[in-house]
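Hi,

Here's the complex I said I'd pass along.

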Amino acid sequence: MTALRLHQLGVRIGTVEVCRDLNVELEPGQCWAILGRNGTGKTTLLHTLAGLRAAQTGTVHLDDTSLTRLSRRTIAQRLGVLPQDSVDPFPATVLETALLGRHPHISPWGWESADDHARARAALAQVGLAGWDQRDVATLSGGERRRVALATLLTQDPDILLLDEPTNHLDLHHQVALLTRLAQQARERNKLVVMVLHDLNLAARFADHCLLLFGEGKTCAGPRAVVLETPLLEQLYNQPLRQVDDIPPAWLPR
Amino acid sequence: MRKPAHLLGVLLVLSISAVAGALFIGSVTLPAGDILAALTGTGQEPSRSIVLELRLPRAVAAFCVGALLALAGALLQVLLRNPLADPYVLGTSGGAAVGALLAMLLGLSGLGSSVGAFGGALLSTVLVFGLARGGGDWSPTRLLLTGIIMASAWGAFIAFILTIAPEHNLRGMLFWLMGDILPGDLPWPALMVLLGLLILSWLIARPLNLLARGELQATTLGVAVTPLRYALYGLAALATATAVTLAGAVGFVGLVVPHLIRLAGGRDHRILLPASVLAGGTLLTVADVLARTLWAPHRLPVGILTAAIGIPLFLFLLLRQRRIAPI
């Protein structure tokens, strides 16, 4: 199992400073939520963690190796990303799309084996799309496509799952089902899950660690119970909040 | 897995039949025995020269041109992530046309215009590559825009050459622009180029499946996107340059053949690329036979025939697809 270690990380995009001197160790078995207002650079940070863009200062290590020293293929064997949107300009079936996740694990000139097909089918069953193999993805609704994209990530089966707004396009039931599944991946299979979320209360319920982006490089990271405090959250969202006492607690806008 | 293999088998049979048909059909009717004898090296004149020096090189040239254009189209559609891309969007055919027409204007013919066309195609390729990369960023949109602008520039240049060209050159130039298989000694090198490019592109076929889903998705699934895109660009440019050198700007094959194959179920690029090669070759071989026989002894530009065959075929598959699963 693999940990993600951020050392003195500084990330900037245009004039926005996303984080400054950020030191965090994201360990296997943890489920992290990245929270922040629009435009504070949540996606940018997630892409930096995936090695998709270079950090301005500091490093991101996959265990003990800097991401910049690893090939994309090696990274993809251990770290997977659910992008914010998926594009399908060409026709493709649901099964073909899920099977893409096996790419980093198959030898360069190899073909997908029966085992790879079985993994893709199992992943589709996990997101409630069993038997949809031959459907064209272009005929699916936004939420169904999102679940296919998640099935691709589950087929890839990396140690580290980075998800950009995984609940986008999903109805309430599927939001809860998906986050339950991701939390399970962390708890039962010792995966590291890091997701950008917009819904504070879903984050409070499913993530055990949170990383808050306040903008202007200010950040706050730690276990849920420590970080999710009403004054801090009011500052985070620039919105007065009322805490509802439940387990875990929830927050309503005031 | 069974269905795509089936598709390749059918296309292989079609390709062989098309080339065989091209050997049989012509202004002189030859018995099958004479054709076989000529192919096995025991033939007698004049059927030997008709088969080996006229019909076979022409059939091979037609097959190669169709195959190269279809391959280039399939590659560029992924590179630009645009289903409407064809081998000419990057201005390659425009550059080739200017080179060939300039050679004709200078009174060079045959090999001269071929050299001109190949040089023009490569020049255009390098120009578009350099201009699109200018700022270091190399997005599909930027590449597409640069290619389209370059194509318009070549278009204006072509119009200028046609305006100043003397009357006796015009017909040859127009045929070149409409796409026409030129007799010559080039089909065998072209066949080598085709085989080489097909093998090279087949080696990168699986990553292409990922790149078709966007750069981000491909990168996160372990594809080194930048070298892959350079390779794609180079392979497609070389295929297009070879095809236009052989036959001028034959339209339509490069755009439509990859879509035909996708509609027939060949969506995986490991199937799509060889299937496009076979289907593109077949389409152009058949079109060329029709071009030289339909209105004999006159010859029609083959580009007209590729459209006449390909468009109904494409519409048929598109409509059938809609009934099964609406796109």
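Before the strand details, one bit of bookkeeping: helices and strands here are DSSP runs, numbered from the N terminus, and two strands pair if DSSP finds at least two bridges between them. Also keep in mind that this is a predicted model.

Strand 1 (residues 4-13) and strand 2 (residues 16-26) of chain A are antiparallel partners, with 7 bridges between them.

Which residues other than glycine have a positive phi? I have two for you, both aspartates in chain A. A:Asp63 has a phi near 55° and is in the loop between strand 4 and strand 5 (65-66). A:Asp157 has a phi of about 50° and belongs to the loop between helix 5 (142-156) and strand 7 (160-164).

Are they buried or exposed? A:Asp63 counts as exposed because it has 12 C-beta neighbours inside 10 Å, and the cut-off for exposed is 12 or fewer. A:Asp157 has 18 other C-beta atoms within 10 Å, so it comes out as partly exposed; a residue would need 20 or more to be buried.

Over in chain B, there's a cis peptide bond between B:Glu45 and B:Pro46, with omega at about 0°. B:Pro46 is in the loop between helix 2 (32-39) and helix 3 (47-79) of chain B.

Finally, confidence. The predictor gives the complex an ipTM of 0.91 and a pTM of 0.90. Chain B has an average pLDDT of 86, and 95% of its residues score at least 70. The stretch to watch is residues 323-327 of chain B, where pLDDT stays under 50. The model has 7 contacts beyond four places in sequence for that stretch. Where pLDDT is low, the predicted coordinates should not be read in detail.

Cheers

Conventions. Residues numbered from 1 in each chain as written. Chains lettered and ligands numbered in written order. Predicted model: local features only at pLDDT ≥ 70, side-chain atom pairs only at ≥ 80, totals over all residues. Helix = DSSP H or I, 4+ residues; strand = E, 2+ residues; numbered from the N terminus. pLDDT = per-residue confidence, 0-100. Contact = placed C-beta atoms within 7 Å.
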